[in-house]
Amino acid sequence: MHYHADWMRGAESASGRDENDGYAGRSNSVNQGNRKALLEDGLIVAAHGRHYAVELSNAELLHCYPRGRRNVYACGDVVEIERSGDRQGTINSVHPRSSLLYRSDRHRQKIIAANVTLAVFVVAARPAFNEDLLMRCLIACEQQKITAVIVLNKTDLVEESARAATQLALYGELGYTLVPLSAKKDISPLEYVLRNHRSVVVGQSGMGKSTIVNALIPQAGARTAEISQALDSGKHTTTSAQLYHLDAESSIIDSPGLQTFGLMHLSQSELVESFREFKPFVGHCRFDDCRHTVEPGCAVIAAVGRDEIDPRRWNAYTSLAADLETKPPAWA
Ligand SMILES: Nc1nc2c(ncn2[C@@H]2O[C@H](COP(=O)(O)OP(=O)(O)O)[C@@H](O)[C@H]2O)c(=O)[nH]1
Ligand SMILES: [Mg+2]
Ligand SMILES: [Zn+2]
């Protein structure tokens, strides 16, 4: 089964094109000297290192490589490709992205997914989840204006899940949708949340991301086989991100497990803006250049004192702000 209508949703809004201009699935003949190259647009549906599976409008999958050594793409990218063989192509360029979920350490950036409108962060009571990782991912989502929902999976582990739910209640108060479920028993609580979105599933390994994807998509195994065949290797897909179509308007990207979520790409002001509950207080501090960490007369710190900002969140903020201060100049 193949669905393509949600292809251009992300890139469309960024580039201002509309659906009726024949853009999606377009092919162009371009003269390049005496050689005629066939250019086509495709959707990246799997990314593994420098190998990409690109889906064309007729559902054909091509094994593609980027043209330049420095070019990096992600699942969800809409790219222009040039065929270089029967089932192969070269990625020439990428269409403007409406969003890009990525992380970065001191040395490099790692892109997770492009053009997603929703991120599903999966946690579970067992193994224990890392709340710092959750907060970091929420920050990356805020910065890219990606809606984030938190799935508490494995609710069949009743007692442990109740404790995890208490820990997560804070995020519900902050306005994030919490979806408790047991992927092994019933995936339906998540189904309507995903409707009309291109989403990405993120989280530590062991939380049940693959179980969730398999429960949502009965043909997941066939899809994986199809993609690994396109990439000429069964082993390629095991650790790669992969896009599955849910229906004509919805798709979901399964991503490899995260252990860290570096935010070195953020500026101090972007960091502050990513803590949505700070907003009413920022701008009311004694000093215009207040960093909200130690300053006297800080309205954010005062709000922590009044329990209007949770200390877990302010502590996370101060430690991230300190990290950013040590950022090498190349990032500045
Ligand atoms: N008890 C319970 N275990 C689950 C549930 N969902 C997944 N698991 C188990 O959690 C482990 C990790 O699942 P997996 O989907 O591979 O996690 P991933 O690493 O996040 O993709 C596996 O042993 C699953 O069987 C659930 O709803 N309840
Ligand atoms: Mg997995
Ligand atoms: Zn302040």
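Two residues are in contact if their C-beta atoms, placed from the backbone, lie within 7 Å.

**Figure 1. Overview of the chain in this predicted model.** With contact understood in that way, residues 24 or more positions apart account for 66% of the contacts in the chain that have a separation of 6 or more. The chain has 9 helices and 14 strands, and of its 332 residues 40% count as buried.

**Figure 2. The shell around ligand 1.** Ligand 1 is surrounded by 16 residues, of which K154, G208, K209, S210 and T211 are the closest. By residue class, this shell divides into 9 polar, 4 charged and 3 nonpolar members. Helix α5, spanning residues 209-216, gives the most to the shell, contributing 3 residues.

**Figure 3. Helix α6 (residues 220-230) and its buried face.** The buried residues of this helix are T224, I227, S228 and A230. Seen down the axis of α6, these buried residues fall within an arc of 155°, and they therefore line one face of the helix. On the other side of α6, the residues G221 and A222 are exposed. Just after the helix, D232 takes a positive phi of about 65°.

**Figure 4. A119 and L101 within the largest nonpolar core.** This core comprises 86 residues, and among them L101 and A119 touch the most other members. When neighbours within four places in sequence are left aside, A119 is in contact with L101, C137, C141, I146, A148, S199, V200 and V202.

**Figure 5. The hairpin formed by strands β3 and β4.** Strand β3 (residues 51-55) has 4 of its 5 residues buried, so this strand is largely enclosed by the rest of the structure. It is joined by 4 bridges to strand β4 (residues 61-66), and the two strands run antiparallel. One of the pairings to follow in this view is that of A53, whose bridge partner in β4 is H63. Between the two strands of the hairpin there are 5 residues, and A59, in the turn, has a positive phi of about 80°.

**Figure 6. The hairpin formed by strands β13 and β14.** Strand β13 (residues 241-247) is mostly covered, with 5 of its 7 residues buried. Its partner, strand β14 (residues 250-254), runs antiparallel to β13 and is joined to it by 5 bridges.

Figure 7. Not counting residues up to four places away in sequence, E160 touches A125 and R126. E160 and A125 are 35 residues apart in sequence, while their C-alpha atoms are 5.6 Å apart in space.

**Figure 8. R312 in helix α9.** R312 is found in helix α9, which is made up of residues 311-325. This residue is partly exposed, having 13 other C-beta atoms within 10 Å. R312 and L170 are separated by 142 residues in sequence, and the distance between them in space, C-alpha to C-alpha, is 9.5 Å.

Terms used
Residues are numbered from 1 along each chain as its sequence is written. Chains are lettered from A and ligands numbered from 1 in the order in which they are written. This is a predicted model: local features need pLDDT of at least 70, side-chain atom pairs count only at pLDDT 80 or more; totals for chains, interfaces and linings use all residues. A residue is near a molecule or strand if its C-beta atom, placed from the backbone, lies within 6 Å of it. Ala, Val, Leu, Ile, Met, Phe, Trp, Tyr, Cys and Pro count as nonpolar, Asp, Glu, Lys and Arg as charged, and the others, Gly among them, as polar. A residue is buried if 20 or more other C-beta atoms lie within 10 Å of its own, exposed if 12 or fewer, and partly exposed in between; C-beta atoms are placed from the backbone. The arc is that of the directions from the helix axis to the C-beta atoms. A nonpolar core is a set of buried Ala, Val, Leu, Ile, Met, Phe, Trp, Tyr and Cys residues joined through C-beta atoms within 7 Å. Two strands pair if DSSP finds at least two bridges between them.
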